[in-house]
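Dear colleague,

Please find below the structure that I am handing over to you. My findings follow directly after it.

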Amino acid sequence: MTITDMPQSAAPYTPASHPPGLASAAPEKVSGMARGVSSPDKRKTIKPTRDRLMTALSLVAAFGGTLVGVIGFAMSYSTLAKVALSWGFSKELAPWFPVGVDASIIAFLALDLYLIRKGTPWPLLRLAAHAMTGATIWFNASSQGQISTDPVQAASHGVMPILFVIGVEAARRLIIQKARLEAGTVTDRIPMHRWILSPIATPRFYRRMRLHGITSYPEMIRRQQELIGYEQWLKRKHDGDLSKATEDERLPMKMAAHGYTVSQALAMPEQQERDAEARAEEAERRRLDAETRQELARKKAEADRLEAEGKLEAVRARVEGETGQARAHARAQVSAAERAAELEEAALETAVTKEARAREAEAARKEAEEREAKAATDVRAADLERQAAEKRKEAAEADRVAAAEAQAIETRTIAEAREAAAEADRRAAETERVAAETRRAAAEADRKKAEEERLQGVALADAARVKQEAAEAEKAAAETRRAAAEIERRAVEAEDVAKLKPRERAVRRVARMILVAGGDADRLPLADIQHELAVTSPGTASEYRQEAAELLAGGYRP
């Protein structure tokens, strides 16, 4: 062995229940070669072979133990029944007294053996069985009177329970030893000659074996020899003065009391340096990971912000375009309505003008007809006067008749003219009424159309306002997401610094979700928690939510 041995970790704690090979097989490297701490020849688990002799002995022991137990219990039953009667028990209860005492012994011992077989012994059962056995022995021994009067007779009554307990203890020892053999946890005993030849050092030797879980006696001898050899080598190196040795060189002597081998103790400094370097590397890695996560969170937040701004600009452009389109449409509709009104007014004015001209033409025509009728009347009057001059005999009568006829003709023509004028006035009035009704209907249609256009304009304005409000809501939601992302980033940094466990991180994440939902834990659906934390059980999500609510109630704020 040299001082330049490869460093090795400290000796692991090995409980007494581990196999000897594993308890002493911590890997170590001596002079660059890997070898186990235990001796090269690992002890094999003892597997007893069953031959005919062992089978016969087992059968004899089982039969004899059973026979002794039956005889002892039979004798004890008779004796204890009589004792119970003498103690005042009734005839009905007296036979049950020995049954209860002996049955408790059998039950306690059987349960103790069963628990030992299962690897979970309970010493109280054994003590209770021994106490009941002692009571049985005392009851049997004292059943014949005073023990001091006839000790031989008293011993004859108490010897059978004692033999039964000895048999049960032998079976218990056999079962324990068999379980240890099967598990490979048999602990070597220190030879008696070592206790005799080295009575002072052996107790310390035994103490170290038990404290450090070393089940192999040869392994313990090898460790002690290795330590003595190393100490002698160190003395030779420093000319017998161990005070000149460094702290690292004196480690095997210091750490031997704690179960370390020489190689393990020498490997401690370098192993600790490697562990420190590993811890430093792990801390640096975690720091870099945290910085990377922070950078990713910052870039993600920036990307979310830019995306939100782009959406906002797109919504604003869409709203402005739709608003301009609605305004242009409204202006076009108003212009069309105005043009239609102008055309309708022009058409109405043309129709009225034509109707007036028609009435004037009709009146002129009627006036010409009246003038022609009057001219014809004048011609006929002149003819009549000429005829009257020619025919004097009938002049008076002709004049009277002509005058009467002229007057009748004139009256009838005037009446017809007046009737025609009245009919024209009536037709003109009817036409005026129809035109007025048409204008009123057109005005009502224009009013309804204008009202519809006004309502359409209001609806378009409301739609534009709703879209603008939606855009503002989207912008506010984007701001909220950005703030939530910032809070999440700071919370993750704080959790990394605090070195929280995954469950604690999950609970704090749910707490932040509750804060985003308004601060009320009941308002956060379990489905959101399952989706966010990738858990399938609603019960687990409910536990997270409850713990998060308690955390918030305790004052947690990210």
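What share of the 558 residues in the chain is buried? Buried residues account for 25% of them, where buried means under 20% relative accessible area, exposed over 50% and partly exposed in between, with a 1.4 Å probe and protein chains only.

Please note that this is a predicted model, in which local features need pLDDT of at least 70 and side-chain atom pairs count only at pLDDT 80 or more, while totals for chains, interfaces and linings use all residues. Residues are numbered from 1 along each chain as its sequence is written, and side-chain values use heavy atoms, with hydrogens and water left out.

Overall composition

The chain contains 14 helices and 2 strands; these are DSSP runs, with helices being H or I of at least four residues and strands E of at least two, numbered from the N terminus. The accessible surface of the chain is about 37200 Å², and 59% of that belongs to carbon and sulfur atoms; the areas come from the Shrake-Rupley method with a 1.4 Å probe, and for residues only the protein chains shown count as cover. Of the contacts (heavy atoms within 4.5 Å) between residues at least 6 apart in sequence, 60% join residues at least 24 apart.

Nonpolar cores

A nonpolar core is taken here as a set of buried Ala, Val, Leu, Ile, Met, Phe, Trp, Tyr and Cys residues joined through side-chain atoms within 4.5 Å. The largest one has 17 residues, and Val510, Ile514, Leu524, Ile529, Leu533, Tyr544 and Ala548 touch the most other members. At least two residues of this core come from each of helix H12 (502-516), helix H13 (526-533) and helix H14 (538-553). H12 gives the most, with 6 residues. Beyond its neighbours within four places in sequence, isoleucine 529 is in contact with Val510, Met513, Leu524, Ala534, Val535, Ala541, Tyr544 and Arg545. Another core lies apart from the largest one; it has 8 residues, including Leu227, Leu234, Leu242 and Ala245.

Salt bridges

There are 26 salt bridges in the structure, each defined as a side-chain nitrogen of Lys or Arg within 4 Å of a carboxyl oxygen of Asp or Glu. Two examples belong to helix H10. Arginine 287 pairs with glutamate 284, with the closest N and O atoms 2.3 Å apart; both lie in helix H10 (residues 262-390), 3 residues apart, about one turn of the helix. Both partners are partly exposed, arginine 287 at 38% relative accessibility and glutamate 284 at 34%. Glutamate 307 forms a salt bridge with lysine 311, at 3.5 Å between the closest N and O atoms. Because glutamate 307 and lysine 311 are 4 residues apart in helix H10, about one helical turn separates them.

A further salt bridge joins the side chains of arginine 509 and glutamate 532 (2.7 Å, N to O). Arginine 509 lies in helix H12 and glutamate 532 in helix H13, so this pair ties together parts that are 23 residues apart in sequence. Arginine 509 is partly exposed at 31% relative accessibility, as is glutamate 532 at 36%.

A loop residue

Serine 142 sits in the loop between helix H4 (123-141) and helix H5 (151-183). Serine 142 is partly exposed, with a relative accessible area of 25%. Its C-alpha atom is 9.9 Å from that of threonine 79, which is 63 residues away along the chain.

With kind regards
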